[in-house]
Amino acid sequence: MTHHPTGGDLLVAVLRELGIDTVFGIVSVHNLPLVEAVDRELRFVPVRHEATAVNAADAYGRARGSLGCALTSTGTGAGNAAGSLIEALSAGTGVLHVTGQVESRYLGSGRGFIHETKDQLGMLRAVSTYAATVPSTEAAGRILREAARAALRAPGGPASVEWPIDLQYAAQQDDDTAAPIPVTPHPDETALDAAARLLAGARRPLVWAGGGACGAADRLAELLARTGAGLLTSNSGRGTVPEDHPQVIGNFATTPTGRALLADADVLLTIGTHFRSNETGDYSLSLPEAHIQIDVDAAALGRVYPATHALQGDADAVLGALLARLPGAPPAADGNGTTGGVEPAWTARVASVREEVRATLHDAIGPQAAVCDALRAALPRRGVVARDVTIPSSSWGNRLLEIYDPRDNVFPRGGGIGQGLGMGIGAALARPDESTVVMAGDGGLAVHLGELLTLAQERPALTLVVFNDGGYGVLRNMQDRYSERRSGVDLTTPDFSLLARACGLPYARIASEADAAPVLSEAVASGSPTLVEVDLAALGPMKNPFTPPVKIPTA
Ligand SMILES: Cc1ncc(C[n+]2csc(CCOP(=O)(O)OP(=O)(O)O)c2C)c(N)n1
Ligand SMILES: [Mg+2]
């Protein structure tokens, strides 16, 4: 039994167990003991909106491959966090969200106690993978750890704990010493044998890695070497094998050549992927019939595409079991391509598809290709690329801009705008010795413009690249193509140089292809926050206006 003077001290102890050294939030009368203890013992980052607290904590966890923590207030504060909790829930990423609650004796009384909320727990339950109320000073430690475990356990997501303010101030007794070992399912030997046989006999194999493959990087690379398979990825699976590897096609499955390759593959192994609509052309992609699917979440097996071999378990463990069953030598070693293993022509085709999809996209994005190239050249190999939902992300940032480690690949998997800067700040503070770049549109940035002040105050090594087209470009393109008139897409944007000056941030502008390399290399090399505006009107258009891969029934 350990005693802590307040709930804040207990929270700090639990955060230390979890390896969390930085916490994001907004202070309030309903979380003061927590914020004060965190600020005293760790690092407290006062963001300007609770949604950002969650986005930053989420990205902090993603950038480290672990968990982040957000602190919010009761009522509106907790409600403000909800949108970003939805993102973490959709992504299955770990956030420990601790929020205040009114004094325990007034809980649910409906008497209008300051910040009182009708069924706050119900709201948190709806947007979190776990939600609980701290009922006593003996239970807080157990509940916080239970929440953290739930956030980290597949399918993952945010865990919310609401904590009545009187109980936060009180001394705590913590007797939760025995952390239960999580039980991970593992497929049976017969299922593994059958899947391994199929894979060993494949002549034209492909692998598709999603976010669930991130913990299996080495074994996935070994699998590519031993089978000669090409690797497609979802957006979340990017970087699990570095994207400059010759067998990595990447997030290009829905391109014409990607589709054709899938159509000709004889075996597909998919690992930890949701087959999200945007990554399958609204499920129009056809996959080979012989489909081995690995997922730790039983609900994901066969949910979108039928699986002939469904293997429930941890990606790394199941890949290890499959590798142990494959013939030892790399199949390509047999040289003549007539017996066993991959056809040499398939390996060559994978390599050429890899080149073709990149060259085609590089050409299609016109002058933005110079920005993409300059961004990659400016960033060290292990820099974080955080992206809001903007045309440059959706077209090339999510595909062409190479990623070499999944922890460097931070973006809202649920597609909500406005979260990129907060995520970038969280990632940058999670890895203070490395560089972070944020790609945001003028529309997405405007959602949380206040976070420019967080950026100016915390001063991480973050380059914020704002792609300014004076509005919600992607919806403008859709309306220009499918509608009679524009509605709600043209926006007043600030003078970004004055805005940066007002916040005390250095500013630079890219108005031509030639500007891209010098501006971005200087901004990243500065090691401090910089606002870079890409003036898209001056830079010039992409070859075709970008529209998203969604169905328009009236089109
Ligand atoms: C929270 C949320 N609200 C609305 C949308 C719809 N939406 C998707 S992209 C977009 C436009 C974003 O504009 P901007 O950041 O300037 O990028 P651009 O499309 O101009 O490149 C909007 C409004 C969304 N995805 N998420
Ligand atoms: Mg825009």
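The model is predicted, so local features need pLDDT of at least 70 and side-chain atom pairs count only at pLDDT 80 or more, while totals for chains, interfaces and linings use all residues. Residues are numbered from 1 along each chain as its sequence is written, chains are lettered from A and ligands numbered from 1 in the order in which they are written, and side-chain values use heavy atoms, with hydrogens and water left out.

**Domains**

An automatic or database domain assignment supplies the bounds: domain 1 (2-174), domain 2 (189-357) and domain 3 (365-539). The centres of domain 1 and domain 3, taken over C-alpha atoms, are separated by 29 Å. Their contact (heavy atoms within 4.5 Å) takes 25 residues from domain 1 and 22 residues from domain 3. Between them, domain 1 and domain 3 bury about 1,900 Å², with 55% of it on carbon and sulfur atoms; buried area is the accessible area (1.4 Å probe) that two parts lose on being put together, summed over both. Arg-48, Arg-62 and Ala-63 supply 31% of the area that domain 1 buries against domain 3, more than any other three residues.

**Nonpolar cores**

A nonpolar core is a set of buried Ala, Val, Leu, Ile, Met, Phe, Trp, Tyr and Cys residues joined through side-chain atoms within 4.5 Å. Buried means under 20% relative accessible area, exposed over 50%, and partly exposed in between (1.4 Å probe, protein chains only). The largest core has 78 residues, of which Leu-71, Trp-163 and Leu-464 touch the most other members. Domain 1 and domain 3 both give residues to this core, so it lies between them. A second, separate core of 50 residues includes Leu-262, Trp-346, Val-371 and Phe-467.

**Helix H13**

Helices (H or I, at least four residues) and strands (E, at least two) are DSSP runs, numbered from the N terminus. Helix H13 (residues 368-378) has 9 of its 11 residues buried, among them Val-371, Cys-372 and Leu-375. The elements that cover the buried residues of H13 include helix H12 (344-364), strand E18 (462-468) and helix H20 (513-525).

Asp-442 lies in helix H16 (residues 442-447) and Asp-469 in the loop between E18 and helix H18 (473-482), so the pair ties together parts that are 27 residues apart in sequence. Asp-442 is buried, at a relative accessible area of 4%, whereas Asp-469 is partly exposed at 27%.

**Salt bridges**

The structure holds 34 salt bridges, each a side-chain nitrogen of Lys or Arg within 4 Å of a carboxyl oxygen of Asp or Glu. The count between domain 1 and domain 3 is 1. Selected pairs are listed here.

| Pair | N to O distance |
|---|---|
| Arg-43 and Glu-458 | 2.8 Å |
| Asp-174 and Arg-145 | 2.8 Å |
| Glu-243 and Arg-238 | 2.8 Å |
| Lys-551 and Asp-282 | 3.7 Å |

Both Asp-174 and Arg-145 are buried, and Glu-243 and Arg-238 are buried too. Lys-551, by contrast, is exposed, with a relative accessible area of 64%.
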